[in-house]
Amino acid sequence: MNPTTFSFPTRTLFGVGALRELPVNLAKLNIRRPLLVTDPGLVNTEAFRSAAATLGANSEGKSWFLYSGVHPNPVENDVRETAAAFQNNNCDGVVGLGGGSALDVAKAARLLVKRPQLDWTKFYDEPDWSGLFPFVAIPTTAGTGSEVGRSSVITLDATKRKAVIFHPELLAKLVILDPELTRGLPPKLTAATGADALTHCIESYTCPVFHPMCDGIALEGIHLIVEALPRAYKDGNDLDARGKMLVAAAMGAVAFQKDLGVVHSMAHPLSTICGMHHGLANALCLVAGMKFCAARKPGLYRRVGIACGLDVIKSSDAEADQRTISFMKDFLAGLGLNTKLREHGVNPDQLDALVNQGVEDPCHKTNAVPVTRENFRELYKEVM
Ligand SMILES: [Fe+2]
(Lines give C-alpha, C1' and ligand atoms only; values in the text may rest on other atoms or scores of the structure.)
Protein backbone atom coordinates (compact mmCIF):
# COMPACT_ATOMS: atom_id res chain seq x y z
CA MET A 1 0.00 0.00 0.00
CA ASN A 2 1.35 3.45 -0.89
CA PRO A 3 1.54 5.97 1.96
CA THR A 4 -1.39 8.40 2.04
CA THR A 5 -1.94 11.72 3.77
CA PHE A 6 -4.70 12.29 6.33
CA SER A 7 -5.46 16.02 6.66
CA PHE A 8 -8.04 17.64 8.97
CA PRO A 9 -6.40 20.96 9.70
CA THR A 10 -8.99 23.71 9.20
CA ARG A 11 -9.84 25.92 12.17
CA THR A 12 -13.63 26.28 12.13
CA LEU A 13 -15.93 28.59 14.10
CA PHE A 14 -19.42 27.17 14.22
CA GLY A 15 -22.71 28.47 15.58
CA VAL A 16 -25.47 31.04 15.28
CA GLY A 17 -23.77 34.45 15.43
CA ALA A 18 -20.28 33.08 14.67
CA LEU A 19 -19.95 35.77 11.96
CA ARG A 20 -19.51 38.36 14.73
CA GLU A 21 -16.08 36.82 15.43
CA LEU A 22 -14.84 37.81 11.96
CA PRO A 23 -13.18 41.19 12.80
CA VAL A 24 -11.19 39.90 15.76
CA ASN A 25 -10.05 36.92 13.70
CA LEU A 26 -9.01 39.09 10.78
CA ALA A 27 -6.86 41.05 13.19
CA LYS A 28 -5.29 37.82 14.46
CA LEU A 29 -4.43 36.93 10.88
CA ASN A 30 -2.92 40.42 10.33
CA ILE A 31 -5.55 41.19 7.71
CA ARG A 32 -6.07 44.98 7.74
CA ARG A 33 -7.47 45.43 4.24
CA PRO A 34 -9.57 42.39 3.33
CA LEU A 35 -11.04 41.85 -0.12
CA LEU A 36 -14.54 40.41 0.20
CA VAL A 37 -15.26 38.12 -2.76
CA THR A 38 -18.82 37.14 -3.64
CA ASP A 39 -21.28 36.81 -6.53
CA PRO A 40 -23.74 39.43 -7.82
CA GLY A 41 -26.81 37.58 -6.54
CA LEU A 42 -25.56 37.57 -3.00
CA VAL A 43 -25.03 41.33 -2.78
CA ASN A 44 -28.79 41.84 -2.34
CA THR A 45 -29.16 39.29 0.44
CA GLU A 46 -29.35 39.52 4.21
CA ALA A 47 -26.23 37.33 4.42
CA PHE A 48 -24.18 39.92 2.52
CA ARG A 49 -25.62 42.82 4.54
CA SER A 50 -24.64 41.00 7.75
CA ALA A 51 -21.11 40.42 6.53
CA ALA A 52 -20.77 44.03 5.31
CA ALA A 53 -22.11 45.36 8.62
CA THR A 54 -19.72 43.12 10.55
CA LEU A 55 -16.75 44.34 8.54
CA GLY A 56 -17.99 47.93 8.72
CA ALA A 57 -18.33 47.70 12.47
CA ASN A 58 -14.64 47.12 12.80
CA SER A 59 -13.53 49.66 15.41
CA GLU A 60 -9.92 50.01 14.35
CA GLY A 61 -10.64 52.05 11.24
CA LYS A 62 -9.72 49.28 8.87
CA SER A 63 -10.99 49.25 5.33
CA TRP A 64 -12.44 46.47 3.27
CA PHE A 65 -13.03 46.10 -0.44
CA LEU A 66 -15.46 44.19 -2.61
CA TYR A 67 -15.35 42.03 -5.72
CA SER A 68 -18.82 40.70 -6.57
CA GLY A 69 -18.50 39.47 -10.15
CA VAL A 70 -18.14 35.71 -9.62
CA HIS A 71 -20.11 33.55 -12.10
CA PRO A 72 -22.13 30.50 -10.96
CA ASN A 73 -19.67 28.16 -12.72
CA PRO A 74 -16.59 30.37 -12.33
CA VAL A 75 -14.33 31.15 -15.25
CA GLU A 76 -10.71 32.22 -15.44
CA ASN A 77 -11.64 35.88 -15.85
CA ASP A 78 -13.40 35.89 -12.45
CA VAL A 79 -10.08 34.92 -10.87
CA ARG A 80 -8.19 37.54 -12.90
CA GLU A 81 -10.59 40.31 -11.88
CA THR A 82 -10.45 39.29 -8.23
CA ALA A 83 -6.65 39.35 -8.25
CA ALA A 84 -6.72 42.78 -9.93
CA ALA A 85 -9.14 44.13 -7.29
CA PHE A 86 -6.86 42.73 -4.59
CA GLN A 87 -3.79 44.45 -6.01
CA ASN A 88 -5.47 47.73 -6.94
CA ASN A 89 -6.66 48.15 -3.35
CA ASN A 90 -3.45 46.94 -1.68
CA CYS A 91 -5.37 44.22 0.10
CA ASP A 92 -3.69 41.80 2.47
CA GLY A 93 -6.18 38.97 2.77
CA VAL A 94 -9.23 37.47 1.08
CA VAL A 95 -12.64 36.75 2.60
CA GLY A 96 -14.81 34.49 0.45
CA LEU A 97 -18.54 34.81 1.10
CA GLY A 98 -20.99 32.64 -0.78
CA GLY A 99 -21.40 29.22 -2.31
CA GLY A 100 -18.64 27.11 -3.78
CA SER A 101 -18.11 29.44 -6.75
CA ALA A 102 -17.28 32.53 -4.71
CA LEU A 103 -15.11 30.53 -2.31
CA ASP A 104 -13.23 28.83 -5.16
CA VAL A 105 -12.50 32.12 -6.89
CA ALA A 106 -11.45 33.80 -3.63
CA LYS A 107 -9.14 30.89 -2.91
CA ALA A 108 -7.53 30.79 -6.36
CA ALA A 109 -7.10 34.56 -6.81
CA ARG A 110 -4.22 34.46 -4.33
CA LEU A 111 -2.28 32.31 -6.79
CA LEU A 112 -2.51 35.05 -9.42
CA VAL A 113 -1.48 37.66 -6.86
CA LYS A 114 1.67 35.64 -6.29
CA ARG A 115 2.24 34.77 -9.98
CA PRO A 116 0.43 37.36 -12.16
CA GLN A 117 1.56 35.63 -15.39
CA LEU A 118 0.39 32.19 -14.24
CA ASP A 119 -0.59 29.83 -17.05
CA TRP A 120 -3.24 27.66 -15.38
CA THR A 121 -2.51 24.69 -17.60
CA LYS A 122 1.02 24.71 -16.14
CA PHE A 123 -0.08 25.25 -12.53
CA TYR A 124 1.73 22.15 -11.27
CA ASP A 125 5.06 23.25 -12.77
CA GLU A 126 5.32 25.92 -10.04
CA PRO A 127 7.80 24.62 -7.43
CA ASP A 128 6.71 26.85 -4.55
CA TRP A 129 3.17 27.98 -3.74
CA SER A 130 4.00 29.02 -0.16
CA GLY A 131 3.38 32.53 1.15
CA LEU A 132 -0.08 33.08 -0.34
CA PHE A 133 -2.14 35.81 1.32
CA PRO A 134 -4.50 34.42 4.01
CA PHE A 135 -8.01 33.26 3.10
CA VAL A 136 -11.10 33.22 5.33
CA ALA A 137 -14.08 31.20 4.07
CA ILE A 138 -17.67 31.99 4.98
CA PRO A 139 -20.16 29.73 3.19
CA THR A 140 -23.73 30.86 2.61
CA THR A 141 -24.82 27.48 1.22
CA ALA A 142 -24.48 24.02 2.71
CA GLY A 143 -23.25 21.96 -0.21
CA THR A 144 -19.85 22.10 -1.87
CA GLY A 145 -17.83 22.27 1.33
CA SER A 146 -15.33 24.34 -0.63
CA GLU A 147 -14.56 26.16 2.64
CA VAL A 148 -12.54 23.19 3.92
CA GLY A 149 -11.16 22.11 0.54
CA ARG A 150 -7.69 22.55 -0.89
CA SER A 151 -8.87 22.96 -4.45
CA SER A 152 -10.67 25.38 -6.75
CA VAL A 153 -12.82 24.33 -9.70
CA ILE A 154 -12.42 26.86 -12.51
CA THR A 155 -13.44 26.61 -16.17
CA LEU A 156 -10.28 27.42 -18.15
CA ASP A 157 -10.22 29.60 -21.28
CA ALA A 158 -7.87 27.21 -23.08
CA THR A 159 -9.94 24.03 -22.65
CA LYS A 160 -13.48 25.34 -21.86
CA ARG A 161 -13.59 22.62 -19.22
CA LYS A 162 -13.62 22.63 -15.46
CA ALA A 163 -10.12 22.22 -14.08
CA VAL A 164 -9.49 21.21 -10.49
CA ILE A 165 -6.65 23.36 -9.18
CA PHE A 166 -5.39 21.48 -6.13
CA HIS A 167 -2.75 22.60 -3.63
CA PRO A 168 -2.54 22.35 0.18
CA GLU A 169 -1.54 26.05 0.30
CA LEU A 170 -5.04 26.95 -0.97
CA LEU A 171 -6.58 25.92 2.35
CA ALA A 172 -8.45 28.56 4.35
CA LYS A 173 -6.86 29.84 7.55
CA LEU A 174 -10.30 30.08 9.11
CA VAL A 175 -13.81 28.90 8.30
CA ILE A 176 -16.90 30.53 9.78
CA LEU A 177 -20.04 28.37 9.73
CA ASP A 178 -22.92 30.59 10.83
CA PRO A 179 -26.38 29.06 10.21
CA GLU A 180 -27.88 32.57 10.09
CA LEU A 181 -26.15 33.08 6.74
CA THR A 182 -27.99 30.17 5.11
CA ARG A 183 -31.40 31.15 6.48
CA GLY A 184 -32.35 32.99 3.28
CA LEU A 185 -31.43 30.16 0.89
CA PRO A 186 -34.61 29.23 -1.05
CA PRO A 187 -35.94 25.64 -0.75
CA LYS A 188 -34.84 24.58 -4.25
CA LEU A 189 -31.26 25.70 -3.65
CA THR A 190 -31.31 24.25 -0.14
CA ALA A 191 -32.27 20.89 -1.67
CA ALA A 192 -29.81 21.00 -4.57
CA THR A 193 -26.81 22.12 -2.51
CA GLY A 194 -27.70 19.60 0.20
CA ALA A 195 -27.82 16.85 -2.44
CA ASP A 196 -24.29 17.81 -3.47
CA ALA A 197 -23.12 17.33 0.13
CA LEU A 198 -24.97 14.01 0.29
CA THR A 199 -23.32 12.84 -2.94
CA HIS A 200 -19.90 13.81 -1.57
CA CYS A 201 -20.50 11.68 1.50
CA ILE A 202 -21.82 8.66 -0.43
CA GLU A 203 -19.19 8.74 -3.17
CA SER A 204 -16.28 9.33 -0.82
CA TYR A 205 -17.42 6.54 1.51
CA THR A 206 -17.70 4.05 -1.37
CA CYS A 207 -14.46 5.14 -3.06
CA PRO A 208 -12.05 2.19 -2.69
CA VAL A 209 -9.21 3.98 -0.92
CA PHE A 210 -8.09 3.03 2.60
CA HIS A 211 -9.08 6.05 4.69
CA PRO A 212 -11.19 4.98 7.67
CA MET A 213 -11.12 8.51 9.15
CA CYS A 214 -12.84 9.90 6.06
CA ASP A 215 -15.21 6.91 5.98
CA GLY A 216 -16.42 7.68 9.51
CA ILE A 217 -16.89 11.34 8.67
CA ALA A 218 -18.76 10.49 5.46
CA LEU A 219 -21.18 8.14 7.23
CA GLU A 220 -21.93 10.67 9.98
CA GLY A 221 -22.38 13.32 7.28
CA ILE A 222 -25.03 11.11 5.65
CA HIS A 223 -26.72 10.65 9.02
CA LEU A 224 -26.86 14.43 9.59
CA ILE A 225 -28.12 15.17 6.08
CA VAL A 226 -30.89 12.57 6.23
CA GLU A 227 -32.08 14.12 9.47
CA ALA A 228 -31.59 17.82 8.74
CA LEU A 229 -32.02 18.43 5.00
CA PRO A 230 -35.80 17.77 4.86
CA ARG A 231 -36.24 20.12 7.83
CA ALA A 232 -34.12 22.90 6.29
CA TYR A 233 -36.01 22.41 3.01
CA LYS A 234 -39.43 22.75 4.66
CA ASP A 235 -38.48 25.55 7.06
CA GLY A 236 -35.55 27.73 6.11
CA ASN A 237 -35.65 29.36 9.55
CA ASP A 238 -34.89 26.08 11.33
CA LEU A 239 -31.41 27.13 12.45
CA ASP A 240 -30.69 23.79 14.11
CA ALA A 241 -31.22 22.04 10.77
CA ARG A 242 -29.33 24.79 8.92
CA GLY A 243 -26.39 24.36 11.29
CA LYS A 244 -26.34 20.58 10.91
CA MET A 245 -26.36 20.98 7.12
CA LEU A 246 -23.45 23.43 7.22
CA VAL A 247 -21.38 20.98 9.27
CA ALA A 248 -22.44 18.03 7.10
CA ALA A 249 -21.40 19.91 3.95
CA ALA A 250 -17.98 20.60 5.44
CA MET A 251 -17.76 16.93 6.47
CA GLY A 252 -18.59 15.82 2.93
CA ALA A 253 -15.73 17.88 1.57
CA VAL A 254 -13.31 16.67 4.25
CA ALA A 255 -14.34 13.10 3.35
CA PHE A 256 -13.80 13.55 -0.37
CA GLN A 257 -10.09 14.08 0.05
CA LYS A 258 -10.46 10.30 -0.46
CA ASP A 259 -11.97 11.18 -3.84
CA LEU A 260 -15.32 10.91 -5.57
CA GLY A 261 -16.98 8.72 -8.20
CA VAL A 262 -19.08 8.29 -11.31
CA VAL A 263 -21.94 10.57 -10.19
CA HIS A 264 -19.60 13.57 -10.09
CA SER A 265 -18.15 12.60 -13.47
CA MET A 266 -21.70 12.65 -14.86
CA ALA A 267 -22.52 15.93 -13.11
CA HIS A 268 -19.51 17.98 -14.25
CA PRO A 269 -20.37 17.88 -18.00
CA LEU A 270 -24.00 18.69 -17.18
CA SER A 271 -22.73 21.99 -15.76
CA THR A 272 -20.16 22.83 -18.42
CA ILE A 273 -22.27 21.75 -21.43
CA CYS A 274 -25.83 22.37 -20.21
CA GLY A 275 -25.25 25.00 -17.50
CA MET A 276 -27.00 22.88 -14.89
CA HIS A 277 -26.54 23.61 -11.18
CA HIS A 278 -23.90 21.23 -9.81
CA GLY A 279 -25.98 20.00 -6.88
CA LEU A 280 -29.04 19.43 -9.05
CA ALA A 281 -26.93 17.50 -11.58
CA ASN A 282 -25.63 15.23 -8.82
CA ALA A 283 -29.11 14.73 -7.40
CA LEU A 284 -30.54 13.65 -10.76
CA CYS A 285 -27.69 11.17 -11.38
CA LEU A 286 -27.22 9.79 -7.87
CA VAL A 287 -29.71 6.90 -7.85
CA ALA A 288 -28.64 5.66 -11.30
CA GLY A 289 -25.00 5.80 -10.19
CA MET A 290 -25.76 3.86 -7.00
CA LYS A 291 -27.68 1.17 -8.90
CA PHE A 292 -24.78 0.83 -11.34
CA CYS A 293 -22.22 0.40 -8.55
CA ALA A 294 -24.36 -1.92 -6.40
CA ALA A 295 -24.95 -4.28 -9.34
CA ARG A 296 -21.18 -4.74 -9.65
CA LYS A 297 -20.21 -4.65 -5.97
CA PRO A 298 -23.06 -6.11 -3.89
CA GLY A 299 -23.30 -4.88 -0.32
CA LEU A 300 -21.56 -1.59 -1.16
CA TYR A 301 -24.33 0.52 0.41
CA ARG A 302 -25.14 -1.48 3.56
CA ARG A 303 -23.44 0.99 5.90
CA VAL A 304 -24.88 3.92 3.96
CA GLY A 305 -28.29 2.39 4.66
CA ILE A 306 -27.47 2.03 8.34
CA ALA A 307 -26.41 5.70 8.42
CA CYS A 308 -29.83 6.50 6.92
CA GLY A 309 -31.47 4.67 9.83
CA LEU A 310 -32.38 1.49 7.92
CA ASP A 311 -32.24 -1.86 9.66
CA VAL A 312 -30.13 -3.67 7.07
CA ILE A 313 -27.41 -5.14 9.28
CA LYS A 314 -28.59 -8.70 8.73
CA SER A 315 -30.05 -8.26 5.26
CA SER A 316 -28.47 -9.96 2.26
CA ASP A 317 -26.08 -7.78 0.26
CA ALA A 318 -28.64 -7.38 -2.50
CA GLU A 319 -31.44 -6.45 -0.12
CA ALA A 320 -29.29 -3.97 1.81
CA ASP A 321 -28.37 -2.20 -1.42
CA GLN A 322 -31.90 -2.29 -2.79
CA ARG A 323 -33.43 -0.84 0.39
CA THR A 324 -30.76 1.84 0.66
CA ILE A 325 -31.16 2.90 -2.97
CA SER A 326 -34.93 2.87 -2.63
CA PHE A 327 -34.64 5.05 0.49
CA MET A 328 -32.39 7.49 -1.38
CA LYS A 329 -34.83 7.66 -4.29
CA ASP A 330 -37.71 8.55 -1.94
CA PHE A 331 -35.51 10.95 0.03
CA LEU A 332 -34.59 12.92 -3.11
CA ALA A 333 -38.21 12.86 -4.31
CA GLY A 334 -39.25 14.42 -0.98
CA LEU A 335 -36.93 17.31 -1.85
CA GLY A 336 -38.38 17.73 -5.33
CA LEU A 337 -35.28 16.15 -6.87
CA ASN A 338 -36.93 13.32 -8.80
CA THR A 339 -37.00 14.90 -12.26
CA LYS A 340 -35.32 13.91 -15.52
CA LEU A 341 -32.52 15.83 -17.25
CA ARG A 342 -34.77 16.74 -20.18
CA GLU A 343 -37.08 18.60 -17.77
CA HIS A 344 -34.13 20.92 -17.13
CA GLY A 345 -33.40 21.70 -20.77
CA VAL A 346 -30.92 18.90 -21.48
CA ASN A 347 -31.32 17.76 -25.09
CA PRO A 348 -30.75 14.12 -26.15
CA ASP A 349 -28.60 15.58 -28.97
CA GLN A 350 -26.09 16.49 -26.26
CA LEU A 351 -25.58 12.85 -25.24
CA ASP A 352 -22.33 12.33 -27.21
CA ALA A 353 -20.78 15.49 -25.81
CA LEU A 354 -21.81 14.52 -22.26
CA VAL A 355 -20.36 11.02 -22.64
CA ASN A 356 -17.11 12.35 -24.09
CA GLN A 357 -16.56 14.76 -21.20
CA GLY A 358 -17.79 12.30 -18.59
CA VAL A 359 -15.23 9.69 -19.62
CA GLU A 360 -12.45 12.27 -19.42
CA ASP A 361 -13.51 13.58 -16.01
CA PRO A 362 -11.08 12.30 -13.35
CA CYS A 363 -13.65 11.60 -10.60
CA HIS A 364 -14.79 8.21 -11.92
CA LYS A 365 -11.20 6.92 -11.82
CA THR A 366 -11.77 6.45 -8.09
CA ASN A 367 -15.33 5.13 -8.40
CA ALA A 368 -16.25 2.01 -6.43
CA VAL A 369 -16.15 0.04 -9.71
CA PRO A 370 -14.65 0.80 -13.16
CA VAL A 371 -16.79 2.82 -15.59
CA THR A 372 -16.54 2.50 -19.37
CA ARG A 373 -17.63 4.86 -22.12
CA GLU A 374 -20.60 2.59 -22.85
CA ASN A 375 -21.53 2.66 -19.15
CA PHE A 376 -21.61 6.47 -19.28
CA ARG A 377 -23.89 6.35 -22.31
CA GLU A 378 -26.31 3.97 -20.58
CA LEU A 379 -26.24 5.96 -17.34
CA TYR A 380 -26.97 9.26 -19.09
CA LYS A 381 -29.77 7.64 -21.10
CA GLU A 382 -31.30 6.32 -17.89
CA VAL A 383 -31.55 9.78 -16.35
CA MET A 384 -32.25 11.68 -19.59
FE1 LIG B 1 -19.85 18.19 -5.67
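Is Phe 133 buried, partly exposed or exposed?

Modeller: This is a predicted model, in which local features need pLDDT of at least 70 and side-chain atom pairs count only at pLDDT 80 or more, while totals for chains, interfaces and linings use all residues. Residues are numbered from 1 along each chain as its sequence is written, and side-chain values use heavy atoms, with hydrogens and water left out.

Phe 133 is partly exposed, its relative accessible area being 32%; buried means under 20%, exposed over 50%, and partly exposed in between, for a 1.4 Å probe and protein chains only. The ring of Phe 133 forms an aromatic pair with that of Phe 86, with 4.9 Å from centre to centre and 55° between the planes, a tilted arrangement. Rings of Phe, Tyr and Trp (its six-membered ring) pair if their centres lie within 6.5 Å; planes under 30 degrees apart count as stacked, over 60 as edge-to-face and the rest as tilted.

Phe 86 belongs to helix 3 (residues 76–88), whereas Phe 133 sits in the loop between helix 4 (100–114) and strand 5 (135–139), so the pair ties together parts 47 residues apart in sequence. Helices (H or I, at least four residues) and strands (E, at least two) are DSSP runs, numbered from the N terminus.

A search of the whole structure finds five aromatic pairs. Elsewhere, Phe 123, Tyr 124 and Trp 129 form one aromatic cluster.
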